Amino acid sequence: MAQPAAQPPKEQVISLYQGAKRIHPKLAKGRFANLRLWAILATQFVFYVTPWFNLHGRQAVWFDIPGRRFHIFAFTLVPNDLIYLTGLLLLSAFGLFWWTTIAGRLWCGYACPQTVYTEIMLWIDHLVEGDRNKRLKLDKSPWNFTKIRIKATKYLLIFLVCAWTGITFAGWFSPIRALVTHIFTFNWAAVSGAALIAATLYGGATWLFAHIMREQVCKYMCPYARFQSAMFDRDTLIISYDPARGEPRGARKKNVQREDSDLGDCINCTLCVQVCPVGIDIRNGLQYECIGCAACIDVCDEVMDKMGYPRGLIRYTTEGALEKDYPENKIPRRMLRPRVLGYGAVLAAVAVGLVIGLLLRQDVHVDIIKDRGVMVRQNQDGWLENAYNLRITNASEHTKILTASVAGLEDIKITGLPEGGLRLNGSDSISIPVQVAVLPDYAEPGSNPIVFTFRYADPEKPNEAETFTTKSTFTGE
C-alpha cells in the first residue's frame with residue numbers, strides 16, 4: 001500500500017523579544033519601609049518646598065539661566081564661579097564612589113529620584129486599586145464601568161502628581177510664586193516658553209519613567225547598576241539571603257520547631273519575591289537589578305517572627321561575613337579599608353577646598369580685556385596709552401563702590417572710572433572702557449607686566465573694604 005505523502009511541518013513564529021510584564025509588588029511594612037518613607041518625605045520636602053522660600057527679596061534658591069546667576073540662599077554664583085560647579089561635580093562623583101564602596105546601592109533604595117517617584121506611584125496604585133492580589137485580579141478582569149472608574153481615578157492622581165512635579169521643577173529656574181499664579185489664572189502670556197517646556201518635559205518624564213517604565217529604568221537604563229560591580233568588594237554592604245541557614249527550603253506547619261525539621265528556616269512563601277519592586281528573587285544571590293530597598297528584609301523578618309525563628313535570614317551584610325571570613329559584628333571595622341579611606345580622603349579634600357573657596361570668594365569679579373584694535377597710541381598729553389575693557393560683576397545682593405589703581409611702571413595712571421568710584425548695584429553686570437597711560441621714557445618696547453588693584457566696599461561701610469589684584473600687560477612702542 002502506498003504511504004501517504006508526508007505533511008510539511010507547520011511554520012512557527014519564534015519571537016526573540018518578550019514584552020515586559022507589569023510588576024505588582026506587595027506593600028512591605030517594617031523598620032526599613034518606615035526608614036524609606038522618611039527618606040522620601042525628606043527628599044521631596046527639599047524638592048517641592050525649597051523653591052517657595054524667599055531671601056533678600058527674591059527666591060532663595062533660583063537658577064536664573066537667562067540672567068546667568070545661580071542664587072543659592074546667601075550665595076549668588078556667576079559665570080566666573082564655574083570652578084565651584086567643578087568642585088560640586090567632583091564632590092558628587094567621589095561621594096558616589098565612597099558611598100557605593102561602603103553601602104552598595106543604598107542610594108538607589110532610599111533617595112534615587114527614580115526609586116522615590118516609583119514608590120509614590122506604587123502608593124497611588126495601592127490606594128486606588130488595593131494590594132497586590134486585587135491589582136492582579138483587576139488587570140485580568142474585563143473592561144467594565146468599575147474598572148474604568150478605578151483606572152481613571154488612578155490616572156488622574158498620577159497626572160496631578162506628575163503635573164505638580166513638572167511645575168515645581170520649572171520653579172527652580174523661574175520664580176515659582178509668579179509661575180504658579182500665572183498658570184492657575186490661565187495667564188499663559190506671562191509664562192515663559194522655557195518654563196512651560198521644562199514643566200512639560202519633566203512632568204512627562206516622571207509619567208514615563210516612574211509610572212510606565214518603573215523597574216525597567218533600574219534594570220536596563222541606569223548606568224549605576226552596570227558599573228557598581230567595579231566598586232563592590234567582599235566588604236561592601238549588600239542585601240543577602242543566608243543559604244546556610246535557609247536551605248533546604250520548604251513549607252512546614254507553624255508549630256514545628258527548627259530542630260525537629262530537616263528543612264532550613266526558609267518556608268518558601270515567596271513573599272520576598274512578591275514585595276520586590278524589580279521582581280527578582282534575592283534567594284538566587286546578589287543581582288545587579290537589586291536596588292537595596294530592603295523590602296524583602298522587612299517581609300522576611302515578619303515571617304520569621306510568625307514562625308518563631310530568629311530574624312536575619314535575609315539581611316544587610318557583606319559577602320565576607322556571609323562566608324564566615326569574619327563575624328557580623330566586625331562589619332563596621334571592615335569599612336575602614338584602603339579603598340574607603342582613599343575615596344574618603346579625596347572626598348574630604350574636595351569638600352574642604354569647596355567650603356574654603358566659597359568662604360574666601362570675592363563679591364566683585366573683574367575681567368580685564370585688552371583692546372587689540374589699537375595696541376598703543378599717544379594721547380594729547382604725549383603719554384603712551386593702552387585701552388582696556390573691564391567686565392565687572394557684582395555677585396552680591398548689596399550695592400558696592402569700586403575703585404581701581406594700576407602699578408608696575410613708573411608714572412602710570414588709569415582713567416575712565418567715575419570720580420569717587422564706580423557704583424555697582426546688587427547683581428549688576430556691566431562693561432566699562434578704561435585707559436592706562438605711561439610716560440614714554442618708562443615703557444619698554446613690547447609687552448610690560450602691570451598689576452590692576454581693585455577695591456570695593458559697601459557705601460555705608462567704606463572702611464570695611466575688600467581688595468584684590470589682577471595681572472595684565474601694557475604695550476609700549
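Before we start, one term: a residue is called buried when its relative accessible area is under 20%. Keep in mind, too, that the model you're looking at is predicted.

**Exercise 1: the faces of a strand**

Take strand β6 (residues 238–241) and work out which residues point one way and which the other way.

*Solution.* Step 1: go along the strand and sort the side chains. I238 and S240 point one way, while I239 and Y241 point the other way. Step 2: check the burial. Residues on both faces of β6 are buried. Step 3: look for the neighbour. Strand β7 (residues 314–317) is joined to β6 by four bridges, and the two run antiparallel. For I238, the bridge partner in β7 is T317.

**Exercise 2: rings and charges**

Decide how the rings of F452 and F454 are arranged: stacked, edge-to-face or tilted?

*Solution.* Step 1: a search of the whole structure turns up 19 aromatic pairs. F452 and F454 form one of them, 6.1 Å centre to centre and with 5 degrees between the planes. Step 2: apply the cut-off. Planes under 30 degrees apart count as stacked, so this pair is stacked. Step 3: check burial. F452 has 0% relative accessibility, so F452 counts as buried. F454 is buried as well, also with 0%.

Now try charges over rings. The charged end of K147 sits over the ring of W143, 4.4 Å from its centre. K413 lies over the face of W383, at 4.3 Å from the ring centre.

**Exercise 3: two domains**

Work out how many residues of domain 1 are in contact with domain 2.

*Solution.* Step 1: get the bounds. The domain assignment gives domain 1 as 19–361 and domain 2 as 364–476. Taken over C-alpha atoms, their centres are 52 Å apart. Step 3: count the contacts. Nine residues of domain 1 touch nine residues of domain 2.

Definitions and conventions:
Residues numbered from 1 in each chain as written. Predicted model: local features only at pLDDT ≥ 70, side-chain atom pairs only at ≥ 80, totals over all residues. Heavy atoms only, no water. Phe/Tyr/Trp six-rings, centres within 6.5 Å; stacked < 30°, edge-to-face > 60°. Buried < 20%, exposed > 50% of the residue type's maximum accessible area, 1.4 Å probe, protein only. Lys NZ or Arg CZ within 6 Å of the ring centre and 35° of its normal. Pairing = 2+ DSSP bridges. Domains from an automatic or database assignment. Contact = heavy atoms within 4.5 Å.
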